Amino acid sequence: MDTQAVIGILNRGLSIEYAAVIQLLQDAALVQGPHRELHASFFRERSEASWKHAHKVGQWIVLLNGLPTVEPAPIKQSTDLTEMLRQGLELEREAHKTYLEALPLVMDDAALRLFVEEMVQDERLDVEKFELLLGQKTVTVAVKEVMPKPARRP
Ligand SMILES: [Fe+2]
């Protein structure tokens, strides 16, 4: 395994997590409007999730004898809710892409592979949360009413 390459990718992931911690907390502080409380808790919760990710990624970097970065990736800010959500989505996609890059490098280390897979899964689900809030899903309902079939008797 190319440990230095893995540390490099994990450190990129860590800087994205740090950026997300700050950016999403800033969103929670700035968001306005009649649904402010709802959106503020969403952003705060997402910030906390990134904080937990940062903690785990940092631990793994040290486990690999690497030094975790203390520098966040660029932080974006806005006072517009839709823009905040778009910026959040961008960060989650970037994190997902970054951990995916680490995956082929860690295949021979079961524990590290499981960790990276978990990060890939978490970020994919986080992307989904932002896509849903931005109305980006294209699920169609073809049948408006579904009649349950009567239970069959044995
Ligand atoms: Fe994350």
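**Helix H3 and its neighbours**

Modeller: Helix H3, residues 81-102, packs against helix H4, residues 110-133, at an angle of about 160°, and their axes lie 8 Å apart. Helices here are DSSP runs of H or I with at least four residues, numbered from the N terminus. The axes are lines fitted to C-alpha atoms over the stretch in contact, and angles run from 0 to 180 degrees between N-to-C directions. The model is a predicted one, in which local features need pLDDT of at least 70 and side-chain atom pairs count only at pLDDT 80 or more, while totals for chains, interfaces and linings use all residues. Residues are numbered from 1 along each chain as its sequence is written, and side-chain values use heavy atoms, with hydrogens and water left out.

H3 and H4 are therefore roughly antiparallel, a description that applies to angles over 145 degrees, as roughly parallel does to angles under 35. Their crossing is left-handed, that is, the near helix is turned anticlockwise from the far one by less than a right angle. On the H3 side, the residues that meet H4 are Leu 85, Gly 88, Leu 89, Glu 92, Arg 93, Ala 95, His 96, Tyr 99, Leu 100 and Ala 102. Their counterparts in H4 are Val 116, Met 119, Val 120, Glu 123, Arg 124, Asp 126, Val 127, Phe 130, Glu 131 and Leu 133. Contact here means heavy atoms within 4.5 Å. By class, this contact has 12 nonpolar, two polar and six charged residues; Ala, Val, Leu, Ile, Met, Phe, Trp, Tyr, Cys and Pro count as nonpolar, Asp, Glu, Lys and Arg as charged, and the others, Gly among them, as polar.

Asp 126 counts as buried because its relative accessibility is 6%; buried means under 20% relative accessible area, exposed over 50% and partly exposed in between, with a 1.4 Å probe and protein chains only. Apart from neighbours within four places in sequence, Asp 126 is in contact with Arg 46, His 53 and Glu 92.

Helix H1 (3-30) also packs against H3, at an angle of about 165° and with an axis separation of 10 Å. H1 and H3 are therefore roughly antiparallel as well, and H1 passes H3 in a left-handed crossing. H1 residues in this contact include Ile 9, Leu 10, Gly 13, Ala 20 and Asp 27, and those of H3 include Met 84, Leu 91, Ala 95 and Tyr 99. The contact of H1 with H3 has 12 nonpolar, five polar and five charged residues.

Helix H2 (36-63) has an axis that comes within 13 Å of that of H3, the two crossing at roughly 20°. This makes H2 roughly parallel to H3, and the crossing is again left-handed. His 39, Phe 42, Phe 43 and Val 57 of H2 meet Leu 81, Met 84, Leu 85 and Tyr 99 of H3.

Not counting residues up to four places away in sequence, Phe 43 touches Leu 24, Asp 27, Ala 28, Val 31, Leu 81, Met 84, Leu 85 and Phe 130. Phe 43 is also among the residues with the most contacts inside the largest nonpolar core, as are Leu 10, Val 57, Leu 112, Phe 115 and Val 116. That core has 37 residues; a nonpolar core is a set of buried Ala, Val, Leu, Ile, Met, Phe, Trp, Tyr and Cys residues joined through side-chain atoms within 4.5 Å. H1, H2, H3 and H4 are the elements that give two or more residues to this core, and H1 supplies the largest share, 10 residues. In soluble globular proteins, nonpolar side chains tend to be buried together.

The loops on either side of H3 complete the picture. In the loop between H3 and H4 lies Leu 105, which is partly exposed at a relative accessible area of 30%. Beyond four places in sequence, Leu 105 is in contact with Met 1, Ala 5, Val 6 and Ile 9. Asp 108 belongs to the loop between H3 and H4 and is exposed, with a relative accessible area of 58%. Asn 65 sits in the loop between H2 and H3 and is exposed at 72%. The phi of Asn 65 is near 65°, a positive value in a residue other than glycine, whereas most residues other than glycine have a negative phi.

Technical notes: Angles under 35 degrees count as roughly parallel, over 145 as roughly antiparallel, 65 to 115 as roughly perpendicular and the rest as oblique.
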